[in-house]
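Biologist: I am new to reading protein models. Could you take me through one, feature by feature?

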Amino acid sequence: MAQKILVVDDEADLSKLVAHHLQKEGFEPLCVCNGTDALKLLAKQPVALVILDVMMPGEDGLQVCRKLRAKEETAALPILLLTARDEESDKVVGLELGADDYVTKPFSPKELMARVKALLRRSERKQSAAGYAYRDLAMDMARHEVKVAQKRVALTAKEFSLLEHLLKSKGKVLTRDYLLNTVWGYDYFGTTRTVDVHIRRLREKIPLLAAAIETVPSLGYKLVDEE
């Protein structure tokens, strides 16, 4: 499933242009024209990144940026500012408020897409280093532990590794052979039935995964994207 990117800008033509290029790059753009609507949308559904215009009527981009950084659920959300201002002080203010990058108008759509992809790569690296989250489930890589609704779930080393691969490849089909090779190693002499057994154990130990881990006939498994 395509990553969702929120575009917040009161210029309709510019929003359409950005949305067009995002779609060409395989993303799913969501567009709103003011900061209030942006905050409402983000409270209902997660996105991978926000492209946020600074100069807007009502709540401007800097105010929205400040509010997003103040909330735990959006504190690490990648934010790219769009600004018509070219003064260094304005850029510094935006970065100090927590923006990850900025692009000055007028901008090259090609450059904007490159910045978007770079931010998403950085975000994914940070997430994988710290851990993963899925609904009420949190995986802490440093502590090597999994919690569901703040309660620790005891997993074996192989169950933990299997869950890690499902989480980092959310929405993608992972074949049994791939999982067998990556979790157990190329020199493992077991069969793909081993994968099925461990998937069953994950579903039993973590009920929210019972339906979330889908069996793909003749191929393997995938963890469905969060709604």
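**Reading the chain**

Modeller: Start with the surface. The accessible surface of this chain comes to about 12500 Å², and 51% of that belongs to carbon and sulfur atoms. Accessible areas come from the Shrake-Rupley method with a 1.4 Å probe; for residues, only the protein chains shown count as cover.

Biologist: What should I know about the model itself?

Modeller: The model is predicted: local features need pLDDT of at least 70, side-chain atom pairs count only at pLDDT 80 or more, and totals for chains, interfaces and linings use all residues. Residues are numbered from 1 along each chain as its sequence is written, and side-chain values use heavy atoms, with hydrogens and water left out.

Biologist: How many helices and strands does the chain have?

Modeller: Helices (H or I, at least four residues) and strands (E, at least two) are DSSP runs, numbered from the N terminus. Here there are nine helices and twelve strands. The C-alpha atoms fill a box of roughly 60 × 35 × 25 Å, taken along the principal axes.

Biologist: What share of the chain is buried?

Modeller: Buried means under 20% relative accessible area, exposed over 50%, and partly exposed in between (1.4 Å probe, protein chains only). Of the 227 residues, 45% are buried.

Biologist: How do I read a helix such as α6?

Modeller: Check its span. The expected value is 1.5 Å times one less than the number of residues. Helix α6, residues 157-168, has twelve residues and reaches 17 Å from first C-alpha to last, close to the expected 16 Å. Then check its cover. Nine of the twelve residues in α6 are buried, among them F160, L163 and H165.

Biologist: Now a single residue. Where does D9 sit?

Modeller: D9 lies in the loop between β1 (4-8) and α1 (12-24). Its relative accessible area is 2%, so D9 is buried. Contact means heavy atoms within 4.5 Å. Leaving aside neighbours within four places in sequence, D9 has contacts that include V32, D53 and K105.

Biologist: Which side chain makes a polar contact with that of D9?

Modeller: A polar contact is a pair of N or O atoms within 3.5 Å; within protein, one must be able to donate a hydrogen and the other to accept it, and residues adjacent in sequence count only if both atoms are side-chain atoms. For D9, the partner is the side chain of K105, at 3.3 Å.

Biologist: Is E59 buried or exposed?

Modeller: E59 is buried, because its relative accessible area is 18%. This residue is in the loop between β3 (49-53) and α3 (61-70). Its side chain makes a polar contact with the side chain of K67, at 2.2 Å.
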